[in-house]
Amino acid sequence: MAGLVPRPATLAIVPAMSTPLASIFGSGFLVIVPVLASSVGPYSLWAMLAVAFVAFHTGAVVRHNILCAEPVLAAGSQRLTLTLERLSDGALVLAYIVSVCLYIHILSAFVLGAFGLDSGFNKSLFTTLVIGVITAIGIMGGLRPLERMERWALYVTILVLAVLLAAFALRDISDFLDTGRFVLPSMPQRSGWEMVTMVAGTLIVVQGFETPRYLGQSFDTWTRIHASRWSQYVSLTVYVAFVAVVLPLVPILDGQYADNSLIQLVASVSVLLSAPLILAAGLSQFSAAVADTLAAAANLEEVTRRRLTQRWGYLLVGGAAMALAWSGSTFTVIALASRAFALYYLLQCLVALTVCRNRRERVRFFLVALALIFVLLFAVPAG
């Protein structure tokens, strides 16, 4: 497929990248380091590379479906493909509900952590209140204007990420010049199976590359394909670099990993960076939650063939996300969200297999499906 892909103008690709990038960065850069350190300790960078590898090949499935499945679905010529696509739409609604809860749970952890109020009860309560506000605004018809926050939140997040990457890298260099070595976090007392299943629970942190699949009204086929691919190139590079530069500072946590541990790590470099980090956390998580609430309600309306209006969709999505807010820690919701998206991506793999005629690609999609089945069945929370 790559050899036949026309190259859209860069200016056309960049706007199409804003939605997937906002979703990917919103999903996990704030929590990925403590999650991986808690799971595999000094092997966190290798774990991040493994997650990035699986995510990129899963993205290839979505890009294949933009090119090959969409015409089949539009023609309605294959009943199995249509059925699997409808099932995946339902799975995506469930995944978005969990991700809305996750985004606001992370927001709560960082905002409350800034004031030393980040107890489990307080985070669940604050998460419920914020989701309640989003739901109420949606029912009153005011969520669409808030969706415009997404691009600005992305700009702020990228700026803060760039500053953090530079600050952590400079601190690493300084420490290396002083001691002649990098100190990595200690190995957690876990079995190999526990480590693999915990890493499997981090798939959600790179979720978002599927969003161009649903931007057909705004962008053409090849623009969406390139936007999905390049958003993965950019975000996965940033994630790997971020884990690499933060890992040498993780030992200061002394094995005590929390969902907002990044605040403590940033403060160890410069207390002046804590406020921008919390601002980026608030903006990115709130805008991502708004975007996923809108998407979930729209998908719910489509899945029910418009028997359910978007206002009722907001109520159902918000109510379910508020209930999930009391289901456990942020790490628990991360693993649950990973399993929910694994189900959606698995169904997209099956859609791809029904329309793909290339043997090598079919083998690739089958292997991706096996990895997603593992995530779906065995992913567990870190901590």
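Author: Helices here are DSSP runs of H or I with at least four residues, numbered from the N terminus. Keep in mind that this is a predicted model, where local features need pLDDT of at least 70, side-chain atom pairs count only at pLDDT 80 or more, and totals for chains, interfaces and linings use all residues. Residues are numbered from 1 along each chain as its sequence is written, and side-chain values use heavy atoms, with hydrogens and water left out.

Let's start in the loop between helix H9 (221-246) and H10, where Asp 254 sits. Asp 254 isn't a glycine, yet its phi is positive, about 55°. Most residues other than glycine have a negative phi. Asp 254 is also exposed, at 64% relative accessible area (exposed is over 50%, buried under 20%, partly exposed in between, with a 1.4 Å probe and protein chains only).

Next comes the helix pair. The axes of H10 (residues 261-269) and H11 (residues 274-303) come within 9 Å and cross at roughly 150°; axes are lines fitted to C-alpha atoms over the stretch in contact, with angles from 0 to 180 degrees between N-to-C directions. H10 and H11 are therefore roughly antiparallel, a label for angles over 145. In contact terms (heavy atoms within 4.5 Å), Leu 262, Ile 263, Val 266 and Ala 267 of H10 meet Ser 274, Leu 277 and Ile 278 of H11.

As for H11 itself, 22 of its 30 residues are buried, making the helix mostly covered. Just past H11, Arg 305 has a positive phi of about 55°.

Notes. Helices (H or I, at least four residues) and strands (E, at least two) are DSSP runs, numbered from the N terminus. Angles under 35 degrees count as roughly parallel, over 145 as roughly antiparallel, 65 to 115 as roughly perpendicular and the rest as oblique.
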